[in-house]
Structure formats: C-alpha cells, structure tokens
Amino acid sequence: MYKVGLLRAGPRRLPTRQSIRFIQRLTSPELRSRFVEYFEKQGHTKVPSASLIPHNDKSLLFTNAGMVPFKEYFMKPDTAPYKAATSIQKCMRAGGKHNDLDNVGYTPRHHTFFEMLGNFSFGHYGKQEAIALAWRFLLEELELPLSRLRVTVLESDKEGYELWKKQGLPDEMIVKCSAEDNFWSMGDGEGPCGPCTEIFWDTMDDTLDERWLEIWNLVFMENYRTADGKLTKLPLPCIDTGMGLERMASVLQDKRNNFQVDQFQQLIFGIREILKNKNVAVSSSDDPSAHEKIIADHFRAMCFLISDGVVPSNIGRGYVLRRIIRRALRSAHQLGINEPFLAELYPHLLQAFVDGSYPELATRASSICNVIANEEATFLTTLNRGLALLNNVFSQPDLQKSKAIPPNIAFQLYDTFGFPFDLTLIIAQEKGWSVDMEDWRNMNILPEFTGYDYDLLHQESKIVAIDTTKKGKKPDVTVSIDPCPFYGLGGGQVPDSGTLTLANGNQWNVVDVFQPYEGGIALRLSPKEGVKNIDQRLEEDKEYLQTGQLVRTEVDLDKRSGAEIHHTATHLLNAGLRAILKTDIVQAGSTVEPKKLRFDFTYGKPLTPSQLDAIEKWINDSAKKGGATQVHHMKLTDAVRSGAIAAFSEKYGEMVRVIEVPGVSRELCGGTHVDNVSKLYPFKILNETSVAAGTRRIEAVAGLSCIEWYKKTYEPVPDILKMLRASSTKDALSKLEKSMQQTRDLQKRLDTVTEKLATAGEVIVHPVETHLYDSVPVRVHLIDTDLDASFMQKRANVLKETQAGYAHILLSKNNIVVAINTSKFHEHTANSILRHVLKHVKGGGGGQAEYAQGRLAEAISDVDGIESKIVPALRARA
C-alpha cells in the first residue's frame, strides 16, 4: 500500500462548494461508456467482460482483477488477437487469497463484487503512452482538477518519474515508493512483472481513514521473474491498468464512500422500501448503515455469481456463494426482516445496471431468483433457532468470565443451522465475545493428518485439546488428537466416522470431523451405543478424556473405502466430461458419499443420451484398464503448469497435493482416493439435471455401490417376466408394448363412449331446479359415481351450450363443477357461483368465468344431499 504520509496536499480542509464546483458529474453507466469510447478512439479493441469463473486460470477461485482474462497474452504477447484492448471486467474478491468479505460494510471502499475498468497493451505501446493516455482521460475527458491529483512511482523507476514530469507534474506531486508498494507481480512465483504507478485523488476530507483515494493503477510489465527470483527484461513489454468503477464514481458523484453512488443507492432505496412495507423503522441517513451496505453488496455478488453458473454448496465457489447469501440474510434479520425478501430487490438491481452492460442479469432473472429463494428458504428455517441457541449461550453464567462460545456450539451452528464459522464469529464479536476454537488456534493446535495411509488408520494418538459442554441435558464432547487419521478436510468428501478407545477401555463414537480453522482438525464424540446414563459415563471417563491422555483410533473402513471410490470417480467423471464434450467444463461443486456421488459442472445445455452413454463408457473403459493412482506434492505454479485441474476449496498454499491417474486424470485434491482405479468398475450415471442457468448436475454410483444398485434394479425383473409370461427382458418389452397399445385402444373407445354419454339426455337422475338469491336459474346435476372427472368436464361444457338459459352445478361424491354461459348472464361467473356455494358448504376450489371446479369436505351422493346442502346455499344471501 502507498504511504499516505508521503503525499503532500497543502493545508488540509474539508471540501467546500467552491472546491468541487467544477467537477463534472457522471452516472455509472456514463462512466462506463465514456471510458470504453475513449480507449476505442485510441485504437483499443473493446472486449466483453469474462466470467467470474476463471475458466483458463486454474490458480484462482474467482476472476479478481481486470487483467485475469488476458494473462496468457501477457505471457505470450505475440499470440494476442489484438495488440491493445479495453474492458469493463466483473471481479470478485471473496474467498481464496484475495478476500474482502469480512471488511464489507465496515469500510468505505471494500466490496465482494466490483467492476474494473482497464486498458491493456500486448507489446503495442509502453510506459510513455500508458501514462499519457491515463492522464488525458482524467484531465480532458473527466475534467478532474490537477490540484487534487498525486501519483506514486517505484523509487528506482527513473523513467517513470521523468515521464510524469513531462506531463507537467512538479516534483512535490510525484511520490517515490518502495517495491512493496509499487512493483507488481503475478503472485510469488515466476512470470511477467514490473513497476507500477498509482494515481491518487485528494478527497480533502480528514474525517476519512484514508484521505487520499487510489483511483488508477498502471502496471508496466517489462520484466520476467524466474523461478529462482531473478529479474530479466521482456522482449515485448506489456501494459495492464485497472480503475475501480465504484471508486471513480464516488469521485465524480462527490460521495464520501462507494455505497453512496448511484448503483448502490438503487439497492439501498429498495431495501428501505421493503422495510417500510414490513412496518420496520427505516433510516433516512445519506450514508447507509453497515447492515444495509452488507445486504446491497452481497446481493450484487450473489446475483452475478449465480448468473455465471455458481450454485450454493459446501465447497469452493459454491460455499463462498452460500456464505454471502447467509451473511446478507443475517444482516436483514438485524434490520428486522425475518422472511424471504431478496427476490424483491431484483428489479432494483436491474435498474442499477439499466444500460444493459450485463444482459445475463435480465435473461437469467428467473433462474437467479429461484436459486436465491431456495437458499433463502433453507437458511431462514434455521436462522431463528440458531440465533436462539447463541442467545442462550450468551446468557449462560459459567461463560460470562471467558465470553467464549464453546467449539461444539460453533460446530452445531454450522452443521445443524447452516451458520458459516465466520458468521458465528461476527455475531460473537458484536457481543464482545470470541469463539473457543480461536484458543485452539492460538495454542497452535495443528494435528498431523495421517489418514492417507491405511496402516495408520488404527493407531495410538494423544488428546491435545478437549471441550466438554452441555447440549440441553446431553453433554457434548469435542476433541483434537495428534496424529489424527480421521478425514474431515472438506473437498465435498463426507467426513470419516469410527471410534476412540480410551485408556480405561471405554469407547466413544466419532460422529463428525471438521476443520475449526485452517490446519485444525476436531472430532465430535458421543458415547458408544447402549450407554444409558451419559453423564455417568462422562464422569467415569473424565480422567481419561484429558489433554495428554492416549487413545486408540479406529476409522470406519467401509465408509472410508466407499467415499474413496466415489471421490476418485468424480475425478474420472471430470476428465470424461472434458474428453467427450470437447470443452473445458468447470467443476461447480461435488458431494462424495460412501454409496454415491454428485458432480456439478458448468455447461450450457442438457447432455444427450448418447453423450451420457459415451461418458459412462469412457469411465468404465478407464476403470477396466486399471492403473495405480499416484500422489504428487509440488508447488502450486508447477502443478498448474503441468495441466492439473483445480477442484477449488477455499484457497491453496504454496505446496499442493496432486492426484494423478496416468493418462486419464490429474487434479489438485486433498481428499482420500483408491489405490487403483479398477475399484471404480462398474460405473453408472443415474441422472443428469439442471441446478441453475449454465450449471448441470450428474449423480452416479461406482464400484460395490454400483453392483448393489444393479442388484436392486434387477430385483423385480423375474416377477415382471412372470406377470407378462415373457421368456426374456426383450420379450417382456415386446409384450409390454403390445399391452400398452391395447390399453390405448381401450382408452380411445372409452373416450368415444364418454363423449356420446356427455351429449346424451339427463344422466342417472333429472336435475334439481332451483334459483340463486337474485333469481338466476340453476340446475343441479347428480352424476353417477362410475363416471370420472373427464366426463364431468365434458358434460359441463355440453350443458352450458345446449342449456344456456341456466347455470349448471354438477356433483359426484366430493367433486363439484360449475358451468355458465356468460353470454347469457353478464353479472355472474362460474367462479363467483362456486365461491358463493363454498361459503355455506365446506370445501375449496376456484376457476374462471365459464368453468370452475372444487372439492367438498363431505360427499353428496343423493338428491337429499342436494336439497339439504346445495339448495339452501344457493338461496342464501351473498
């Protein structure tokens, strides 16, 4: 970050009307078009925004900067389809290495989703033209006053310094900074890099934490950093610039923070309208509250993520989306909204992007709102109960001294009530509390996971941390052991279960395994089955459930091996989809269970039966060939360069684990896998469905679970053959088709008879004639109970045409149908008559002008029923 103290601004004062009067005001859409049009005139190609899912960059969770879609062109400028480009890129900084999620709402500028304006050169022009283009845009296009601008340069970049002086800047307006602030590179590994220069705006507001606002960063990619850290000159220097649209809009609209600009004000207005409609007190402040900011920011983020194919899940991008939605709902709860409301904000979002910059928001509106509504409904059912649990914790006398939420409560909130851990932490911090797991983290409790080695699944371990609390009347025990063979590291794979045997011989079940923090592993325990008095068992084992005590571990092998088969199967499915579809699909989530798998991936249309058959065959052929799975540990950059697919979790460290099936699959993965892919055979795709716009889901079974599936599927076949008197399944199909054709023929004959009967005279009994309260003549018809609803409908249509001078009510058991010819009766409809009857005869139903139907609570089967119930209802006053 730049050193604010180095920027000189003269006497500091709050902005006055005179000091800002000449700044032109631009809306966000105007700023977008002004920026792109300017650079198009300067010979740049306009490039549409890429997806928030970086399909061609396996090292990133999301597209987090404007340059991400062009990274390969910075590496190889001569391959770029254009020499200069300009774009407005959708960006997301939530999860992974670049994560602003926790800051949103509490700072003036942090966002999860934002737009990056950028111009780029791939060997076409260099530092001099980049500086000149940026400066002309600010001074001539936007007409910003020179007196309120400053720039920073790398202290060793003499060329950059002189180029700024040529633009007319005096020495005091050019600040030299260290490489920490003004040297840019693609992470810590090798690749293009170089000095940068940043342009700052003087807000003239000392009440802000940062008076100087960075508005544009120009990166001069003129160096290449080798694997050993040496810098060499690039033969073709490139340019990468980035300007945050929301930041620049706050300058041009004279706002103290980004949440006051037009785009956000549309959503803030929408939030306040919803609050008003729910009779909740509404703020009138120009500066939105923290919770209003969180909802507005997170709503933008969730909508754009879903529009690009991300769906809520418990891993990777899907989990980031889930956290964003649930944090927004919790903030809404704090404002007083306790029911689904997010879909009501969608029109305001469309209005904020009224210029059509992102047409997918309109075309995918229904899918986006449905995904949000489903997630909203799921979480709101548990939100109040989870908050009640927390409030109960906050009032417990024995916790008032430590003011720490026990780890088992934090996990229960996650596991039972769907609270992401960071949400629990936020709520705790608002109360001045912490979460007990933080103590484990501070104590550096980082158990070694030994569960990859089958020889170490049954071993001796030491208890290194333990927490025991009451969950109602039942004690809840959470421990950490080192080493730990129990898997619970996410990646879509279900956690292990098993047992811990204490030094006194008593056993406790491991019912769940989870990561309370990065590097931590915690086990939830419950007494072995058959223990009636849990408190007594806990007291009996108290001496042995202490830190430092040894335990014997036993992992459930059946559950583990089933999960391993299906985890490796997801890798082959990922590879098979790419091989058959001939495109780089992106994993959007997965669930790996002992008996089945679920795999979500980005693809724009349903797979055909032939494609599914080909994928299934590809996987089965790979499994039949067999082959040992190989595990490699390598640098992230080396893994990506080797072609390994990233099945994203929260983030990757410098060293990663790669699972390879030679010649078949190669993925970054921390899960457990089979030692040989032959264990995956047979493999069967059960179904393929849509889960969101642009996202498909495959459910499948493999190995022993697949054999079990085939057994259960075949189980009824002998009985079917016997019933059809068939000698084989082929013969059964032939006979079944013949039988179905006979049924269709009989149905046609029945329809013909029903049609004739419907147009015949009175059916079964003559109608009972009566009148409605205002003298509309009505005929009530009792229909034979052997005739179905189809007949009643046909008969009603015949009656209203052939006996148009009456309204008709048809009854059969509990069914009631009303028909009327509205050309004869202008003031009444079938629906109004039915509703009038149902006011007096218990039941429900509805319909349209000439036809309505319903169901009575009690059946009417004779004329006495008509006389005692329907006739009085008709004669009753409305």
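# Aromatic pairs, cores and a sheet

Me: How many aromatic pairs does the structure hold?
Reply: This is a predicted model, where local features need pLDDT of at least 70 and side-chain atom pairs count only at pLDDT 80 or more, while totals for chains, interfaces and linings use all residues. Residues are numbered from 1 along each chain as its sequence is written, and side-chain values use heavy atoms, with hydrogens and water left out. Rings of Phe, Tyr and Trp (its six-membered ring) pair if their centres lie within 6.5 Å; planes under 30 degrees apart count as stacked, over 60 as edge-to-face and the rest as tilted. The number of aromatic pairs is 28.

Me: Is the pair of F35 and F137 stacked or edge-to-face?
Reply: The two ring centres are 5.4 Å apart. The ring planes of F35 and F137 stand at 80°, so the pair is edge-to-face.

Me: How many residues apart in sequence are the parts that F35 and F137 tie together?
Reply: Helices (H or I, at least four residues) and strands (E, at least two) are DSSP runs, numbered from the N terminus. F35 belongs to helix α2 (residues 28-41) and F137 to helix α4 (residues 127-141), so the parts tied together are apart in sequence by 102 residues.

Me: Are F35 and F137 buried or exposed?
Reply: Buried means under 20% relative accessible area, exposed over 50%, and partly exposed in between (1.4 Å probe, protein chains only). By that scale, both F35 and F137 are buried.

Me: Is the pair of F35 and W216 stacked or tilted?
Reply: The ring centres of F35 and W216 are 5.9 Å apart. Their planes stand at 55°, so the pair is tilted.

Me: Which strand holds W216, the partner of F35?
Reply: F35 is in helix α2, and W216 is 181 residues apart from it. Both residues are buried. The strand with W216 is β8 (residues 212-225).

Me: Which residues touch the most other members of the largest nonpolar core?
Reply: A nonpolar core is a set of buried Ala, Val, Leu, Ile, Met, Phe, Trp, Tyr and Cys residues joined through side-chain atoms within 4.5 Å. The largest one has 119 residues, and those touching the most other members are L138, I215 and W216.

Me: How many residues are in the second, separate core?
Reply: Among its members are V776, L811, L834 and V871. The number of residues in this second core is 26.

Me: Over which ring does the charged end of R779 sit?
Reply: A charge sits over a ring if NZ of Lys or CZ of Arg is within 6 Å of the ring centre and within 35 degrees of the ring normal. The charged end of R779 is 4.1 Å from the centre of the ring of Y806.

Me: Which residue in β22 is the bridge partner of Q630?
Reply: Six bridges join β20 to β22 (residues 655-661), and the two run antiparallel. In β22, Q630 is partnered by E660.

Technical notes. Pairing = 2+ DSSP bridges.
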